[in-house]
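Let's take a walk through this structure together, from the chain as a whole down to a single sheet.

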Amino acid sequence: MIIMKATKILFIFIATMLMEACNNQQKLYTIVGELPDSSYNGKTVYLCDINSNANIELNSRVKIDSTIVEGNIVRFEGIAPDTAFNCRIDVDYHLFAFLILEEGNVVIDFANQQSSGTPLNDEVIRIDKYLYDWRCLLDKVREKLKGKDDEFETFYREEHLPIAINQLKKDFLSHSDDAVGYYMMAEFRLGFEMNKFMCDNCGPWLRNKKRVKSLIEQVNAQQATAEGKIFSDVKGSDVDGNIVSLSDYVGKGNYVLIDFWASWCSPCHKEIPNLKQLHQKYKDKGLTVIGVYVWDSAENMKTALKEEQITWPQIVDSEDEATYTYGVTTIPHIILF
């Protein structure tokens, strides 16, 4: 009886240990990607966290793991995080890929900058595929309505865009506090409605991320300066370096059209002939055109003013006050006061 009792105790002890070992088994990740040639062999490559609160620049990103390229293969192995998050692998300036770090085997496609093989990474591919098909259909309609700009714009705004917005809202609600949701908030460029929806519905994990905080600030700024709101004053400098304010022009009984632009921006240059036409036609009839020069040096502005023969006043937004206040993220950006 004693022997039997000891055996039972030993059996229970071993079973308990095995159960604890199973429960404590660490979740692992493997990341594998093939490079186009052998020129990268021997190079150290880093896996970096891109949704941390560090700066987005490469040398400021939080490094999660490192590996040395062998046989044209980038390979990482490690313990998966409890909460999956967004990463980036940079082999060089032109060769990189995004992924979500989670348990399982992640396959990197450097050519298409895609990652697959795990649930969240596959979900990103599904959403990207939907957007790709949506844009392909839009291109077909654009070609069909070539030369009918007003008709195409109506189709896009009233029919095509709402379809995508409605679908992506459903997708976001399924990922409102995870790495797929972060990807959508960081990468999507579908306008104010979608941005506001994501900001209003994102969870606490997402709200703590730097880029999400910036998007929330941007949406709040756009709401505060939407059509019908009283203008918000901002300061900058003129072409001679003197301090000027938007209120030097707005609120004087006339209409003021401001154009956010930069010398390196090709679409901005394409808009200049239209602004010239407005300036010439209405400058003596109550319209003032103002340039708000952003994200560039004053020296480049002076060169561009001379080359384009721009004569209307400029406000140099060297401190990004104007773009921040009005939630400007792309240029040209035009507002009528």
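Contact here means heavy atoms within 4.5 Å. With that in hand, look at the contacts in the protein chain between residues at least 6 apart in sequence: 63% of them join residues at least 24 apart. Keep in mind as you go that this is a predicted model.

Now zoom out to the overall form. The protein chain has ten helices and 14 strands. Its radius of gyration is 27 Å, well over the 20 Å that the globule rule gives for 337 residues, so the chain is more spread out than a compact globule. Taken along the principal axes, the box filled by the C-alpha atoms is roughly 110 × 45 × 45 Å. Of the 337 residues, 41% count as buried. The accessible surface of the protein chain is about 20000 Å², and carbon and sulfur atoms account for 53% of that surface.

Next, let's settle on one sheet. Strands of a sheet pair through backbone hydrogen bonds, either parallel or antiparallel. In this open sheet, four strands follow the order 3-2-5-6, with antiparallel pairing. Strand 3 (62-68) and strand 6 (96-101) are the edge strands, each pairing on one side only. From one strand to the next, the twist averages 25°.

For a closer look, follow strand 2 (residues 44-49), which is joined to strand 3 by six bridges. Asp49 has Val62 in strand 3 as its bridge partner.

Finally, what lies across strand 5 (85-90) and strand 6? That is helix 4 (residues 179-187), which runs at about 65° to strand 5.

Technical notes
Residues numbered from 1 in each chain as written. Predicted model: local features only at pLDDT ≥ 70, side-chain atom pairs only at ≥ 80, totals over all residues. Heavy atoms only, no water. Pairing = 2+ DSSP bridges. Helix = DSSP H or I, 4+ residues; strand = E, 2+ residues; numbered from the N terminus. Axes fitted to C-alpha atoms, helices over the stretch in contact; angles between N-to-C directions. Rg over C-alpha atoms; globule rule 2.2 N^0.38 Å. Buried < 20%, exposed > 50% of the residue type's maximum accessible area, 1.4 Å probe, protein only. Areas by Shrake-Rupley, 256 points an atom, 1.4 Å probe, with all protein chains shown as cover.
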